[in-house]
Each structure stands twice: as structure tokens, then as C-alpha cells.
Amino acid sequence: MELFASYDTIYPADTVEWCPILKYSNVFVCGTYKLDEASKTKTGTINLFSLDSQNKIKLVQSVPEDAVLDLKWNSFITSGKILLAAALSGKHVSIYHLNENGTDLSLSLFTSFDLPKTDGESHMSLSIAWSRPYENGSQSIAFSDSCGYITLVNLNDQLIRSFKAHGFESWIVTYNYWEPNILYTGGDDCKFKCYDQRLQFDKPVFENKEHEQGVTTCSSNKIRENIIVTGSYDENIRLWDVRNMKHSYNSVKVDGGVWRLKWEPNKEEYLLSASMFNAAHIIDTSLDVANICQSFGEKNNRLYYGADWCHHDTQFEHDTKSKNKRIIATCSFYDHKLDLFFVNMKL
């Protein structure tokens, strides 16, 4: 593991996402969250970066926004557009599209959606997920919020549906990659749930209470059809087989609350964990194991909320000595730091 670039995001950083589209594999975004203690207002930025051929970080654009809690690129190009969804502290979720004008890149607002209200008070979005396209070509996004709701928006007809999933904050929502009608949710009530859009949202398909604290993250594996993973404030990463959701089939403790989990994009056998006060970890999940194989990142005065793999490390394609290298980004909150690492995947 080699730290090769760092950047001061000025505001506390809490989410980082590499663009999954091959042409823009050197492009990534980092979201920030700043609370003004006096006025209690929340503001932030969506920072668009590129990594140049010399492996230097370049800030391309900084978009002022409400505080940013989650950012997610759409893995599929929609109507010729590369879209980025932002979960924000205000009354809406924003979707941006990536523009290219010659060699210049920028983010422009594509559309936005209002969040539900309870007793006149707007909810705060906490996480965002994109579905795969449905058979009819349409696509949806889902977002979870501070009042326990999940909201689904169909991008084609703008139809919005919301339902109460958790008693407290719904920290995470994600789609089953293989079946976009299936949603997984996790909440501060320690419950891990599954919903099917083809059924009513009155009750979940399953509800699991194995987590000892709030369920903060969940991800569906894009290669192993039946595998999903969850993370929790209870410091455990759990692997699940959707054919038996009574209990996880393996787990590993990382000694820090697990805020984000990302599958390594090529084989989806390794997991990258942003483990809050205990920095970042890479976990080997091949052969049904769950083993920490590398830990990295400075821990003093740092809170790791974001971590992601670069999807296509094109600068290494023709370098046989570096062909096993991957690039990882992490971001930490208190010291508003964005870090980039080389990692050798012959771990």
C-alpha cells in the first residue's frame, strides 16, 4: 500500500466515488458536509476531480450545495448522459450530469426531487442507490432518509413512491443488482430488511435482527449473483446468501463502525471498508471466507466515511510491473482529507 496523493477538501469530507464509465475512469467526486454551530445550517460541496497522467489530483469544479451525505454515479449511460445523484441535507435530492466541452469537464444540474415530509418537516436524505434498467428500459433511484423512509423515483415518468421502512434513520438503501425490483434497507433500529417493488410496501419480504447496532451499508455483488454484504456500527462486516437470509454465512470484525463497503470492480472478491475511527481495510471474501488482508490509513483525529476503488486503472494496462496495482480513494471527516493509494492486488 502506497499513499501517493492527498488533497485538502476544506470542508469535512464524507463520501468519495470514482466514475464507473470507462472513458472517464480518471474522474471522481468527493462530497463535503459543514455544520455551522451558531446557525445550525448545513452546507457542503460536490467536488469534481480528475487524476492526471502524472498521478496528480486536479480539482476540476466545486459545486456549492447543501451538505452532501452520499454520492452515486449511475453505472449505465441514460439517454446519452452520465448521471451523478447526490443525497443532500436540504429538502431535495439532486441529479447532475457530466458535461464535456473539448477537454473541459463539468457537472450541471439535470433534475431534482423533493423529499417526503412528516408533520410539515422535510426529511434529510442519507443514501442513494441506482437500479439496473428494467425490461422496459426505465430506471429508478432510491434514497433513504433521516425519518426512516425509503423513496423511489422512476426517472422516465417521475413517479415517486415513499414508504416507512425503519423506526429511526434509514441509513442505507441498495438494489439487488440481479433483480432491480428487490431493495435492501438498513436502519438505526438495527434491522436489515428486504422489499419487493412488485408487492405492497406494507411489510418486508424478510426482516433480520442479527446486527447488534445500526445497519449502515449494504452492497449486492455483481458477479456472484446470490451474495450481498452489510456493515454496521457494531463493527462487523457480514456476508449473506440471498437463498438463506435467516443469518449471515460469514463475518469479520474490523474494530470500527463500518460506514461504507465497496466491492473491487473486476472480480468482486475483495471488499473495501471505510471503518470510521479505525481507518480503512481490504477484506478477502473469496472461497466464502471473510479475512482482513490489509489495513491502511492514518487513525489520529480522522473519521473515515468514504472509500472507493478506481474502476478502470488504464494507466497500468501496458505496464507489466504494475498490472496488479489498483487505485483506492479514501476521505476523512475531521481533517477534511482526500487520500489516494496504490494497492498491489497480489495481497
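Predicted model: local features only at pLDDT ≥ 70, side-chain atom pairs only at ≥ 80, totals over all residues.
The charged end of Lys325 sits over the ring of Phe342, 4.6 Å from its centre, where sitting over a ring requires NZ of Lys or CZ of Arg within 6 Å of the ring centre and within 35 degrees of the ring normal. Arg132, in turn, lies over the face of Tyr177, at 4.3 Å from the ring centre.

Residues are numbered from 1 along each chain as its sequence is written, and side-chain values use heavy atoms, with hydrogens and water left out.

Let me stay with the rings. The structure holds 21 aromatic pairs, a pair being rings of Phe, Tyr and Trp (its six-membered ring) with centres within 6.5 Å, counted as stacked if the planes are under 30 degrees apart, edge-to-face if over 60, and tilted for the rest. Trp171 and Tyr233 have ring centres 6.0 Å apart and planes at 90°, so this pair is edge-to-face. Because Trp171 lies in strand E17 and Tyr233 in the loop between strand E22 (227-232) and strand E23 (236-241), the pair ties together parts that are 62 residues apart in sequence; strands here are DSSP runs of E, at least two residues, numbered from the N terminus. Trp171 is buried, with a relative accessible area of 14%, whereas Tyr233 is partly exposed, at 23%; buried means under 20%, exposed over 50%, and partly exposed in between, with a 1.4 Å probe and protein chains only. Both residues belong to one aromatic cluster, whose members include Trp259 and Phe333.

Strand E17 leads us to the sheet, which is open and has four strands in the order E17-E18-E19-E20, with antiparallel pairing (two strands pair if DSSP finds at least two bridges between them). Strand E17 (170-176) and strand E20 (206-208) stand at the edges with a single partner strand each, so one side of each has no neighbour in the sheet. Strand E19 (residues 192-196) pairs with E20 in the antiparallel sense over three bridges, and Glu207 in E20 is the bridge partner of Lys193.

Finally, what is the place of Ser273? Ser273 is found in strand E26 (residues 270-274), and is buried, with a relative accessible area of 0%. Leaving aside neighbours within four places in sequence, Ser273 is in contact (heavy atoms within 4.5 Å) with residues including Ile237, Arg260 and His281.
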